[in-house]
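Thanks for coming. Please take a look at the sequence and the structure before I start.

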Amino acid sequence: RVLFSESSELGRWLRSKNAMIKIGDYLFVHAGLSPKLLNTELDIDAINRLIGKNLENRVLEDTLVRLLIGPESPLWYRGLVEETKRYPLIKETELLALLKKYEASTVVIGHTVVEEVSSSFKGKVITMDVKHSEDEFSEQTQGLLIESGQLFKVNGKGQKEPLKALD
């Protein structure tokens, strides 16, 4: 609790960052978008504000705070990438409703490690948290480049290739 408090350096730094940010048609989210967000009236600014305000809250008595800080939070939700006991894979209809709600065409997420920068749900979800190589200029180290509206997978050698949509 103290680590995430407003009095710690880490807590102050985390509060200076957004959990979600929209740039153009892309919604960048730390971990993912839970379908439970569809049942709220929260916009992106309200979500960021409430997450920052409640980072060190571990009691989670309030349902809305539990949604924004707990396992279904944009900080933790993994159901856009994988199906687990805790996170069922999101339904395409739910994903489309979330994108419509936040006026975005694509959600870009990290937090769930994947083999390579990739796209799923017909290009609606981009995952980019790859395990980077210890070699400084490796093909294993990857990132996402959005250039003139086109998506590319780039690696530590500076090579880029168009990102293909899966599904």
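Two strands pair if DSSP finds at least two bridges between them. Helices (H or I, at least four residues) and strands (E, at least two) are DSSP runs, numbered from the N terminus. This is a predicted model, in which local features need pLDDT of at least 70 and side-chain atom pairs count only at pLDDT 80 or more, while totals for chains, interfaces and linings use all residues. Residues are numbered from 1 along each chain as its sequence is written, and side-chain values use heavy atoms, with hydrogens and water left out.

First, the strands. β1 (residues 20-23) pairs with β2 in the antiparallel sense, over four bridges. Lys 22 has Leu 27 in β2 as its bridge partner. Two residues lie between the strands of this hairpin, and Gly 24 there takes a positive phi near 60°. β2 also pairs with β3, in the parallel sense and over four bridges. Here Phe 28 has Val 108 in β3 as its bridge partner.

Next, the core. A nonpolar core is a set of buried Ala, Val, Leu, Ile, Met, Phe, Trp, Tyr and Cys residues joined through side-chain atoms within 4.5 Å. Buried means under 20% relative accessible area, exposed over 50%, and partly exposed in between (1.4 Å probe, protein chains only). The largest nonpolar core has 30 residues, and Leu 33, Leu 80 and Val 107 touch the most other members. Two or more residues each come from β2 (26-29), α2 (44-53), α3 (63-69), α4 (92-101) and β3 (106-109).

Last, a backbone detail. Glu 103 is not a glycine, yet has a positive phi of about 50°. Glu 103 sits in the loop between α4 and β3, and is exposed at 60% relative accessible area.
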